[in-house]
Amino acid sequence: MPAADDLCRFVDASPSPFHAVATAAAALDAAGWSRTDERDAWPASGGRGYVVRGGSLVAWDDTAATGPADPFRIVGAHTDSPNLRLKQHHDRRFEGTDVLALEPYGGPLLTTWLDRDLGIAGRVVLRDGSERLVHVDEPVLRVPNLAIHLDRDAAGAPDRQRHLDAVWSQRGTPFLAWLGERQGFAAEDVLGHELMTTDVVPSGRVGADGWLVAAPRLDNQATCFAGLAAFLASATSGSGPVPGRRSVLVLFDHEEVGSSSERGAASDLLLTVLERIVLAAGGARDDLHRAVAGSICASGDMAHATHPNHAERHEPLHHVVLGGGPVLKVNQNLRYATDAVGAAVFARACESVGVPLQRYVHRADLPCGSTIGPISAARTGITTVDFGAPQLAMHSARETMAAADVEHYVKALTAFFELAD
Ligand code: ZN
């Protein structure tokens, strides 16, 4: 299962959204894509390029376009995952121990972050305006559980405000000074930071015959990985991109906290890039609207495999099997954007390469999660289909999926890019 092992490498190289984007950018660079700065004039011939906005990235392949109004075929995913992040005033000392103040980002399964070896990753912005990626891949942080003898009533989930600080040292050194020493900057120069804890245990294969992948951030780096692999494979395979169509890969930050930011799915990022591609091809505003009207977006985010210990939490007619292939997500109240048109396109892509497709409906009496699909669809007006790969323990510090599904996922998304209309 080489795809599953490639996924493990992708995840381990991507401890934060900023790193996920850098990992994707490095793969695009190696394949001949050129980076465009949004502040610069757009390259006259669209060709193959990408832009980065913080923890988000949009890449395109315009080489098979025949006119400015040609439609886009888009695969979308999100780069962020729930975790524990550094507070602004994060240094505190307790009985001779240095304690680091943390708070949750999004909705992590809090208990899974306790008693775990944690490193730190993210970015800092220095006084001179420069930005540094930070990654300490060492077990320096630990958020300890409370002993059962001190918690006889087993109060359960930790409190988001009071129970998530990490012990890390007895030096009496400010954390940023320690970090700067390792990463080559002075603590007093750090004027802004987005720093988060990361599980330092490498991703790997578990279960008999290694049929499972155990890794942090599968939600949603598994889709970032598969989308990128499919985007590159479809662009460089024998047949190349479908004539008269453009391929786009969009990786959004901030899905786990609602997508409303300058770089989230609710931002102008995707639409702005699509518009600039059309304008660079000599098109006018009406060509953009024509292109968008003919486009389709496959929005990938992980799906819940039916849990063997909690089958009653799942819709009985829609059990999802690990290793059973990608999962089409449908929700009548539009927590997922899938409509019949998008469902049919995605089902046809899977069918064309013999990948099995599973269909997911959430229990009607439980609140359903959501994803970038409905938000991006509302922002762009593009027909969107939501789907995912099956996994267990979504939002755990350590998630699980079937290695076979990584292969299925890449194959299905490659077919989505390559399938003729
Ligand atoms: Zn997700």
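Me: At about what angle does helix α9 run to β20?
Reply: This is a predicted model, where local features need pLDDT of at least 70 and side-chain atom pairs 80 or more, while totals for chains, interfaces and linings use all residues. Residues are numbered from 1 along each chain as its sequence is written, and side-chain values use heavy atoms, without hydrogens and water. Helix α9 (residues 403-418) lies across β11, β12, β19 (390-392) and β20 (helices are DSSP runs of H or I, at least four residues, and strands of E, at least two, numbered from the N terminus; contact is heavy atoms within 4.5 Å). Between N-to-C directions of lines fitted to C-alpha atoms, for helices over the stretch in contact, on a scale from 0 to 180 degrees, its angle to β20 is about 70°.

Me: Which strands form the edges of the sheet?
Reply: The open sheet has five strands with mixed pairing, in the order β11-β12-β20-β19-β15 (pairing takes at least two DSSP bridges). Two of them pair on one side only: β11 (204-206) and β15 (303-304).

Me: Which residue in β20 is the bridge partner of Val213?
Reply: Strands β12 (residues 212-215) and β20 (residues 399-402) run antiparallel, joined by four bridges. In β20, Val213 is partnered by Met401.

Me: How many residues apart are Asp219 and Asp301?
Reply: His78, Asp219 and Asp301 coordinate the zinc ion at 2.0 to 2.6 Å (donors are N, O and S atoms within 2.8 Å, or 3.2 Å for Na, K and Ca; water is not among the atoms, so sites may look incomplete). Asp219 sits in helix α4 (residues 218-236), and Asp301 in the loop between β14 (296-300) and β15. This pair links distant parts of the chain, and its separation in residues is 82.
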